[in-house]
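Subject: Structure handover and notes

Dear colleague,

I am passing on the structure we talked about, together with some notes on what I found when going through it. Please have it open while you read.

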Amino acid sequence: MHIAVCVKQVPDTTEVKINMETGTLIRTGVPSIINPYDHFALQTAIGLKKQHGGEVTVISMGPPQARSVIQLGLALGADTGILLTDMAFAGSDTWATSYALSKAVKKTGRVDLVLCGMQAIDGDTAQTGPGIAHQLGIPQITFAENVEIEGKKIKAKRLTDSGYEFVETQSPALATMILPKDYVCSYPSFVDIFESLKKTYHQWTAEDIGADTAFIGLKGSPTHVNRIYPPPQREKAVMVSGSANELVEKLIDILKKEDFLKGVLNHD
Amino acid sequence: MPSMDTITRNLMLDSLKDYARKHLPYDFIRELDRKNEFPAGVLKQMYDHRILGVHLLMIPVEYGGIGGGTYDIYRICEMLARIDLGIATSVFATFLGSDPIRVAGTAEQQKKWMSKIAKENLFVAYAATEPDAGSDLVNLRTLAEHVLKNGKLAGYRITGNKQWISNGGVADVYTVLALAPGGPSWFIVEKEMEGFSANKHEDKHGIRLSNTAGLALDNVYVPKENLIGETEGQGLLQAQSVFGYTRLMVAAFGLGAGWEALETAVRYSQQRIQAGGPLSEKQGYTHKLIVPNAVRLEASRAYIEEIANRLDKDSHGLQTEGAIAKYYATEAGNRTAEDAIQALGGYGYTRDFPVEKIKRDVKITCIYEGTNEIMEMTIYRGRWQEHLKTRGRYYADVADSMDKLNPDAGADSAGLAMNALGAIMEECRLQKLTRHQHVTFKLGKLIASAEVAAAFARATAQQAYSESVKFDSRTWQAMSRICARGAALQTAVEGLALVAGAGENPQGLKEKLNLELIQEKQQGLVLDMDFVADKLKQTFKAK
């Protein structure tokens, strides 16, 4: 069995600040981390490998320093690491990223399962995983809390707005993972980190994966970011309490006071 | 030993940070500190190769370790100190205790003991200090007598007492310095050897999580294979040869503990409103309690990194530099913790905030691994030799090299500090003032601040920002300028006072020191401090 896990290096958003003048992220001194959802996806893959045997390949796209998340994956138990790094990929949106990652997955040979985090904490789009499934033409299970393998079947418990859904599909398939509430990320020991240097690691360019340059980078990205800005701070809410009748009266008072009822009252 | 690549090292730091986050919350540490308790279980976990394997960093790869370089160990020591200086000390004691074997052991001894320490997660202790022999190891009283079998040397019987031994009561293996017939020598002693015992865990001012105990050796028999290096009389040289490296680690402790305290103060200062605004907006607060400490700590970092990189290339020596690093960074860390208590006011004085504990803990860094007064002496001795050997050119040459660097990095003032230092030393030579011990120690202090300022300016001018630096280049430049201005002024003014105080104030020394130019260079100091105060606030936001 071969599981591919797609991971992303993201700025630790708890420490990111925005330069209000330029509308860009201030990344100086902000540590980079593995996207936490991807961390869980990675550990899920390694758990499945322990259960069923096989191999795990960890793949990322990013600048050379993104090797860090690959090495973390290898230290945690993945067998092979692949970093897609090439100036040609720069500026890729989720569509172009999905295309590039799917090309890399294909190049690794037969894959039974692809795991991704449900979204990255820097972009919050949740599009890359489904995009990869689309590009590969395989079924996708989004927002999975766990994934099991039974022969050719992939079974998952997925979170929905109203509860959980238990779904199954045939391999090969792709699942995007949520973060379970009680989940604790594990980190490798110094020895595992040191030993991970001996594992197979590839850096692939756009050419290596046979990517069509029209589909990657800024040129291949239909999305354009115009501006980044922090959402305006919400005003403080006013809490009112009392019986239903009292609440209605209080509410009407507030609406009158704030002049919200003008149009309504003028109506008659 | 070369250091690892940045990514590998940072992954290890992440794992260590994660371990501390999960297992060492402040309340837990605080309780152990209150109870004066050594957390053996925590340390064993930290040594466990499946969990962390932190001690493996200093063990060569061929013996089952991961062979970290000096730079790697500095980074880990800094983080350990940020977590808890007692735990850091305990880990360091194993590093230090193994050093005589790592540095001076025969191939066979290294293989046997380093592999054993790696595999069995052994705690090690370094036992040199005695009741009557601290910094002055020449007064060593612990004796190692020959034991003969059939007229041939079979082993030694060791008798004596050791004091203030880190890990003393908990170690599995001890490297013990004792006086053999051939002179001071290191021996490997195991805890279960007959006649060996440890005294009670000391009730200390700080680092209460670290076990400190005296040792009693009563006719302890060790086989001759346990004489490190299998040659008697090499003990003091062997001890000396690792000081450059071990003192750099203690410097990293001062740096880590200092930053932990300062970060707490910077975050606090943005929340505490006094007289209509947060403390972080008031120069009377920031320019006294915060900014000068940040500057000294980052200067320490620049110096430590320069020396760590040199040790990784050259792997031994640099004793004067190790002493400068230890002296400057631990004084900086100690001062910062003191100021952090002041910065937190009443809260700082309580045990609810960590700065009170950091202050107690960090004081030890000014004492152990050679007191800071011994550092002043060591620094003076090393550089006085250079001054004489080069006929006074030593600092003039460094000053010249500073002139070639970007003045925005403070290199101009650092050059003035170097020049002033050379002039003061020459004047001391002419007037034979080093017959006063006070003068020599004070020179040691001035040398340290001037050399650290020069290293800071070098790193800043060469844009040698390592992964450990949390500030942008403009902030480091401002910090370096503040540091260099202060060092130049301090060297010249204190140097003048020293010469005048111990001898005569000669005509023309003031001109040689360039005092007027040094004063001119102070221009822009307050603006730079404003800038740094602002950057610190942005970097360490209120939580």
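This is a predicted model: local features need pLDDT of at least 70, side-chain atom pairs count only at pLDDT 80 or more; totals for chains, interfaces and linings use all residues.

**Where the chains meet**

The contact between the two chains draws on 15 residues from chain A and 21 residues from chain B. On the side of chain A that touches chain B, the elements giving two or more residues are α2 (67-76) and α5 (190-196) of chain A, and of these α2(A) gives the most, with five residues. If you sort the residues on that side of chain A by class, you get nine nonpolar, five polar and one charged.

On the α9(B) side the contact is made by B:Ala299, B:Ser300, B:Ala302, B:Tyr303, B:Glu305 and B:Glu306, while α15(B) brings B:Val452, B:Ala453, B:Ala455, B:Phe456 and B:Ala459. By class, this contact has eight nonpolar, one polar and two charged residues.

In the second pair, the axes of helix α16 (residues 473-502) of chain B and helix α19 (residues 525-539) of chain B come within 9 Å, and their crossing angle is roughly 135°. The two helices, α16(B) and α19(B), are therefore oblique to each other, and their crossing is left-handed. The residues of α16(B) that make the contact are B:Thr475, B:Ala478, B:Met479, B:Arg481, B:Ile482 and B:Arg485, and those of α19(B) are B:Leu525, B:Asp528, B:Met529, B:Phe531, B:Val532 and B:Lys535. Here the classes are seven nonpolar, one polar and four charged residues.

One residue of α16(B) deserves a separate word, namely B:Arg481. This arginine, B:Arg481, is buried, because 31 other C-beta atoms lie within 10 Å, where 20 or more is the cut-off for a buried residue. Not counting residues up to four places away in sequence, B:Arg481 touches B:Gly410, B:Ser413 and B:Asp528. The C-alpha atoms of B:Arg481 and B:Pro407 are separated by 8.4 Å, although the two residues are 74 residues apart along the chain.

**A helix with a buried face**

Helix α3 (residues 40-47) of chain B has as its buried residues B:Val42, B:Leu43, B:Met46 and B:Tyr47. Seen down the axis of α3(B), these buried residues fall within an arc of 135°, so they line one face of the helix. The face of α3(B) turned away from the buried side carries the exposed residues B:Ala40, B:Gly41 and B:Lys44. What covers the buried residues of α3(B) includes α1 (6-23) and α5 (85-104) of chain B.

**Backbone details to look at**

A:Phe143 is partly exposed, with 19 other C-beta atoms within 10 Å. Leaving aside neighbours within four places in sequence, A:Phe143 is in contact with A:Met118, A:Arg158, A:Leu159, A:Thr176 and A:Ile178. A:Phe143 and A:Tyr99 are 44 residues apart in sequence, and from C-alpha to C-alpha they are 21 Å apart in space.

B:Asn150 counts as exposed, with 5 C-beta neighbours inside 10 Å.

Finally, a cis peptide bond joins A:Ser171 and A:Pro172, with omega at about 0°. A:Pro172 is found in the loop between β11 (163-170) and β12 (173-177) of chain A.

With best wishes

Definitions and conventions
Residues are numbered from 1 along each chain as its sequence is written. Chains are lettered from A and ligands numbered from 1 in the order in which they are written. Two residues are in contact if their C-beta atoms, placed from the backbone, lie within 7 Å. Helices (H or I, at least four residues) and strands (E, at least two) are DSSP runs, numbered from the N terminus. Ala, Val, Leu, Ile, Met, Phe, Trp, Tyr, Cys and Pro count as nonpolar, Asp, Glu, Lys and Arg as charged, and the others, Gly among them, as polar. Axes are lines fitted to C-alpha atoms, for helices over the stretch in contact, and angles run from 0 to 180 degrees between N-to-C directions. Angles under 35 degrees count as roughly parallel, over 145 as roughly antiparallel, 65 to 115 as roughly perpendicular and the rest as oblique. A crossing is left-handed if the near helix is turned anticlockwise from the far one by less than a right angle, and right-handed if clockwise. A residue is buried if 20 or more other C-beta atoms lie within 10 Å of its own, exposed if 12 or fewer, and partly exposed in between; C-beta atoms are placed from the backbone. The arc is that of the directions from the helix axis to the C-beta atoms.
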